[in-house]
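Please look over the sequence and the structure below before reading on. The report then takes up a few helices and strands in turn.

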Amino acid sequence: MEQKTRKKRKLGSYPFVSVTLSITLALFVIGLFGMLALHASKLTTVIQENIELQVFLNKQITSSEISKINRTIGSKPFVLKKDDAPVIRMVTKEEAAEQFIKDTGEDFTEFLGDNPLRDVLIVNINPGHQASDSLKMIKADIEKIGGVYEVSYVESLVESINENLTKIGLILVGFFLILLLVVVILINNTIKLALFSQRFLIRSMQLVGATAGFIRGPFLKRSVWYGLLAGTFASLMLFFLMTYANTRIEDLSQLQDIQSLAILFGSIILLGMMVGFLSTYRAVRKYLKLSLDELY
């Protein structure tokens, strides 16, 4: 006689490959957007750190006076600082003349008989002081310093940069919230459909006297495990994609911060575990409350 054996379905088990793959792809998409947001944020910081003021100095000024002006400006809170040092560089009138001749191909000193340019201090401004009103106050403050002839900056360019960065930030936040909602709904529906095949097993456990906590336990443990695996797979995919992109796009690595990327990958793993746990809890709770007719 031919014997047929039927594999027993274990409590808490549901399709591993399909569920893990679905959650991995959902997390990969939101992680990819997160990486784009991090790169955009770093690029924004780089742009803001390159907003400069040109401080033109009086003619016939001595080196000691220039050093004093440099120290005075460097002590101001609006000056960008890196490694606790103010980001200020000096361009002498000789260097400025040499650059002008190089760019235009004309030596204006030959027919003028003198170099009319001035020594200039290039001051990088802290991003927190780059509003239009703040820059006007900074300009007036520096011009009060003795030995300073004039302070100049491209006002229209600064306003345009600030407006565009604000718009881009709002758009990115809006897209992220929408994408996060879509990912949560997708993972929730995936787990709900996976648990649909276990609804009669859940009812059988209820009929033999199993408590709700006893029935939920295996499902919740497995959901956390699936979320951990999916988050790890998604993070690895993002890491390999980023590594490949660095080989194809020049200087892209300069926009990457190891700590921020580590936080992003950790958040993806945590999101997979949390959404998997909560979705499973809701789905099992729903099936525990359904009547036999509703289960069919």
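## Helix α7

A residue counts as buried when its relative accessible area is under 20%. The model described here is predicted, and in its helix α7, which covers residues 199-207, the buried residues are Arg-199, Ile-202, Arg-203 and Met-205. Viewed down the axis of α7, these buried residues fall within an arc of 160°, so they line one face of the helix. In general, an α-helix has 3.6 residues a turn, so residues three or four places apart point the same way.

Just after α7 comes Gly-209, which takes a positive phi of about 95°.

## Asn-188 in helix α6

Helix α6, made up of residues 155-196, contains Asn-188. Asn-188 has a relative accessible area of 14%, and because that value lies under 20%, this residue is classed as buried. When neighbours within four places in sequence are left aside, Asn-188 is in contact with Ser-279 and Arg-282.

Strand β5 spans residues 120-124, and five of its five residues are buried, so the strand is largely enclosed by the rest of the structure. Val-120, Ile-122 and Asn-124 point one way from β5, while Leu-121 and Val-123 point the other way, and all are buried. In a regular strand, the side chains alternate between the two faces of the sheet.

Strand β1, residues 52-57, pairs with β5 in the antiparallel sense over five bridges, and within this region Gln-54 has Ile-122 of β5 as its bridge partner. Strand β4, residues 88-91, also runs antiparallel to β5 and is joined to it by four bridges, with Leu-121 of β5 being the bridge partner of Met-90.

How values were computed: Residues are numbered from 1 along each chain as its sequence is written. This is a predicted model: local features need pLDDT of at least 70, side-chain atom pairs count only at pLDDT 80 or more; totals for chains, interfaces and linings use all residues. Side-chain values use heavy atoms; hydrogens and water are left out. Buried means under 20% relative accessible area, exposed over 50%, partly exposed in between (1.4 Å probe, protein chains only). Helices (H or I, at least four residues) and strands (E, at least two) are DSSP runs, numbered from the N terminus. The arc is that of the directions from the helix axis to the C-beta atoms. Contact means heavy atoms within 4.5 Å. Two strands pair if DSSP finds at least two bridges between them.
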